[in-house]
Amino acid sequence: LDSQRRGKPAVLSMSLGSTFADGGRHFDTIIKWAHDLGVLTVVAAGNNNADACSYSPAATPLALTVGATTSDDAKWSSSNHGPCVDIHAPGSSITAAWVS
């Protein structure tokens, strides 16, 4: 792992997801692998306005699951929620850099 070679921390960010009916906890294996190597995995709670515990990788206990808030610091209407969400962060009307 490059981060270990350089003696630096590593973060794996995953903004994706599926229902368990679409393949179950297929992201759990890679998140466990990363966790065992000391890599923090951060995942999106999802955008279904539903219980994040019903989606992978949001339900994965070894990941830090992030729900979305508005610019007023309220829950974003589409953000998944529930006990599997560890933290909330701005996720609506975010200005980002891109190449056009």
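A: Helices are DSSP runs of H or I with at least four residues and strands are DSSP runs of E with at least two, both numbered from the N terminus. In these terms, Pro57 is placed in the loop between β4 and β5. The model is predicted: local features need pLDDT of at least 70, side-chain atom pairs count only at pLDDT 80 or more, and totals for chains, interfaces and linings use all residues. Residues are numbered from 1 along each chain as its sequence is written, and side-chain values use heavy atoms, with hydrogens and water left out.

Q: What joins Ser56 and Pro57?
A: A cis peptide bond joins these two residues, with omega at about 10°.

Q: Why is Thr60 called buried?
A: Its relative accessible area is 5%. Buried means under 20%, exposed means over 50%, and partly exposed covers the values in between (1.4 Å probe, protein chains only), so Thr60 is classed as buried. Thr60 sits in the loop between β4 (55–56) and β5 (64–69).

Q: What makes the approach of Thr60 to Asp28 a polar contact?
A: The two side chains come to 2.5 Å. A polar contact is a pair of N or O atoms within 3.5 Å; within protein, one must be able to donate a hydrogen and the other to accept it, and residues adjacent in sequence count only if both atoms are side-chain atoms. The Thr60–Asp28 pair is therefore a polar contact. Leaving out residues up to four places away in sequence, Thr60 touches Arg25, Asp28 and Ile31, where contact means heavy atoms within 4.5 Å.

Q: Is Asn80 buried or exposed, and how do you know?
A: Asn80 counts as buried because its relative accessibility is 0%. Asn80 belongs to the loop between β5 and β6. Apart from neighbours within four places in sequence, its contacts include Ala45, Gly46, Asn47, Tyr55, Gly67 and Val85. The Asn80 side chain also reaches two backbone nitrogens: that of Asn48 at 2.8 Å, and that of Ala50, which lies 3.1 Å from a polar atom of the side chain.

Q: Which classes do Asn49 and Asp73 fall into, and why?
A: Asn49 has 43% relative accessibility and so counts as partly exposed, whereas Asp73, at 65%, counts as exposed. Neither is a glycine, yet Asn49 has a positive phi of about 50° and Asp73 one of about 65°. Asn49 is in the loop between β3 and β4, and Asp73 is in the loop between β5 and β6.

Q: How do you know that β3 and β5 are paired?
A: Three bridges join β3 (residues 40–44) to β5. Two strands pair if DSSP finds at least two bridges between them, so β3 and β5 qualify. These two strands run parallel, with Ala44 opposite Val66. Val66 also has Ile87 as its bridge partner in β6, and four bridges join β5 to β6 (residues 87–90) in parallel. On β1, Met14 stands opposite Val43 in β3; four bridges connect β1 and β3, which run parallel.

Q: What makes Ala45, Ala52, Ala58, Ala59, Cys84 and Val85 a nonpolar core?
A: A nonpolar core is a set of buried Ala, Val, Leu, Ile, Met, Phe, Trp, Tyr and Cys residues joined through side-chain atoms within 4.5 Å. These six residues form the largest such core. Apart from it lies another core, of five residues, among them Met14, Phe27, Ile31 and Val43. Val43 is on the covered face of β3 with Thr41, while Leu40, Val42 and Ala44 make up the uncovered face.
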